[in-house]
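Colleague: I have some questions about the words used for this model. Please set each value against its definition.

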Amino acid sequence: MRLFTPEAMRQADARAVELGYPSLLLMEAAGRAVAEAARAAWPEAANYVVVAGKGNNGGDGLVAARWLRLWGREVRVFAPEGHRGDAALARAALEAHLEIEPLEALDLREADVVVDALFGTGLTRPLEGAWAELAERINAAGRPVVAVDVPSGLPYAPHVNADVTVALAGLKPDHVFYPGRSACGRIQLAPIGLPPALLEPRELPELLTPAAMRALLPSRPGHAHKGSVGRVLVVGGAVEYTGAPALAALGAYRAGAGLVTVAYPSDARVEPPLEAVRLPVSRWQDARLFEAKAEALAVGMGGGSGGGAAARAALKLKKPTVLDADALYPEVVKAYAAAAVPTVITPHPGEAARLLETGVGTVVQDPLGAACELARRFRTTAVLKGGPTVLCEPGRAAVNTTGNPAMATGGAGDVLAGAIAAFLAAGLAPWGAARLGVYLHGLAGDHLGRTGLTARELAEALPAVREKLELGYLRPYWEAGLLSSR
């Protein structure tokens, strides 16, 4: 499944028409899907108000109004004159059932549900004047709102705040990225009949789904033993940072690693999990580091000022590596790329800004762009942590669909680094290990779902959510009846 930009969705619509699919049927399917979603969400509602604009989004709303009227609901529609093309045909069909009132006469007092069909994804500037006032009036009315494709006004402010948003044909950025996603309320994806081939353009970012992630899970044969399912070496820690490598080790174990070794400075009071092999070293170039049995490494967690030295020492093992936290400096990541070591980097926005020599605001404003620049510049698989986490490696990108704000807690990133390393050790390529690790990590946060959770709890939840994924019990948040994270 792909994340569509507004322009990419317009191209898909146009291509469907070229293939012989009438555009009016697309509008009919979209409008009916909106009406069905509104009726399902508020089955007792009797009075609807549809607020429609002039464009195709407004046309979808006019179709929805007609269907609601045909199903016996009381419907008032407020829209301007001047509809064209398919929207004009939708207006004519609706006018056979009711009179359309001017926007200036908007009255929401008797509405049980409001259908927001003012603007879709084509906005290029914030709403102003009367349009901004309309959005604010809808919000102030306190009535349930179902939005057509996206709440009107997004991605700018002011915008409508919806209770349900019916995403048409595919998800767009505001259905996935905050703060737009918060304005959408429950998100329901509505297929409107586009040919399936048009919905999977490989040049668009992948949305991580349960089915795709389930296919990545490493197999666990009946004769498995601790040395056959993946061994991880965690390299990190400092006198002032003792918890990070321990959490990474726990994340690796809970993600399925068979054996985890933790290498840390001998003067640091690191307390790895009881199951882990301890490897204290007097200096990072200590020969003992190279005796550790591992198929993959997680490096940099809690490394402090010694993180760079730890990463340079670990590079000599030439094993697939997750670079995190205090290993994330340009010269270190470049060295791994020059050595052709399969690498996953896991920065948060501040660390990404350091690597890209830019401001944090620039990274946060365009996380996908930042992740892809990291991947291009350092020839690596980049995991940019955030809400949501985005991933990129040269030639492809992905956006995670699990996780929630409760996961903003110290140590969560260390657990993630360990989990990704476990999947590298199990034989997955960096792109697969990164996507599966990120997805399950976010799923653990969704499973716990409460503010105040700890990183240790996230790690401990990994086996349970992995089992749910393995058994096929999961559905994405945009399927009908499921709540999106807010």
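**Terms and values**

Modeller: For 486 residues a compact globule would have a radius of gyration near 23 Å, and the chain has 26 Å, which agrees. The radius is taken over C-alpha atoms, and the globule rule is 2.2 Å times the number of residues to the power 0.38. This is a predicted model, in which local features need pLDDT of at least 70 and side-chain atom pairs count only at pLDDT 80 or more, while totals for chains, interfaces and linings use all residues. Residues are numbered from 1 along each chain as its sequence is written, and side-chain values use heavy atoms, with hydrogens and water left out.

Colleague: What box do the C-alpha atoms of the chain fill?

Modeller: Along the principal axes the box is roughly 85 × 45 × 45 Å. The chain is divided into domain 1 (6-203) and domain 2 (210-471), with bounds that come from an automatic or database domain assignment. The C-alpha centres of domain 1 and domain 2 lie 41 Å apart.

Colleague: Why is the pair Cys372 and Cys392 called a disulfide?

Modeller: A disulfide is a pair of cysteine sulfur atoms within 2.5 Å. The sulfur atoms of Cys372 and Cys392 are 2.4 Å apart, and the pair forms a disulfide. A search of the whole structure finds one disulfide. The link of Cys372 and Cys392 is right-handed, with 100° about the S-S bond.

Colleague: What does the pair tie together?

Modeller: Cys372 lies in helix α14 (residues 367-378) and Cys392 in strand β16 (residues 390-393), so the pair ties together parts that are 20 residues apart in sequence. Helices (H or I, at least four residues) and strands (E, at least two) are DSSP runs, numbered from the N terminus. The chain has 17 helices and 17 strands.

Colleague: What makes Cys392 count as buried, and how is Cys372 classed?

Modeller: Buried means under 20% relative accessible area, exposed means over 50%, and partly exposed is in between (1.4 Å probe, protein chains only). Cys392 has 4% relative accessibility, so Cys392 is buried. Cys372 has a relative accessible area of 28%, so Cys372 is partly exposed. Buried residues make up 57% of the 486 residues in the chain.

Colleague: Why is helix α10 said to be largely enclosed?

Modeller: Seven of the nine residues of helix α10 (residues 307-315) are buried, so the helix is largely enclosed by the rest of the structure. The buried residues are Gly307, Gly308, Ala310, Ala311, Ala313, Ala314 and Leu315. What covers them includes β9 (231-235), β12 (296-299), β13 (321-323) and α11 (330-338).

Colleague: What makes a set of residues a nonpolar core?

Modeller: The set consists of buried Ala, Val, Leu, Ile, Met, Phe, Trp, Tyr and Cys residues joined through side-chain atoms within 4.5 Å. The largest nonpolar core has 61 residues, and those with the most contacts inside it are Val232, Val234, Val260 and Leu440. Helix α15 gives the most to this core, with 11 residues. Apart from it lies another core of 54 residues, among them Phe177, Leu368, Ala375 and Phe378. In soluble globular proteins, nonpolar side chains tend to be buried together.

Colleague: Which residues is Val232 in contact with?

Modeller: Contact means heavy atoms within 4.5 Å. Leaving aside neighbours within four places in sequence, the contacts of Val232 include Ala252, Val260, Ala296 and Ala421. In the chain, residues 24 or more positions apart account for 67% of the contacts with a separation of 6 or more.

Colleague: Where does the "binding site" label come from?

Modeller: An unreviewed UniProt entry lists Asn57, Asp116 and Ser152 under "binding site". These residues are spread over 96 residues of sequence but cluster in space, with a largest C-alpha distance of 9.6 Å. UniProt positions are given in the numbering used here, feature names are shortened, and annotations may be inferred rather than shown by experiment.

Colleague: Is Asp116 buried or exposed?

Modeller: Asp116 has 0% relative accessibility, so Asp116 counts as buried. Its place is in strand β4 (residues 113-117). Beyond four places in sequence, Asp116 touches residues including Asn57 and Ser152.
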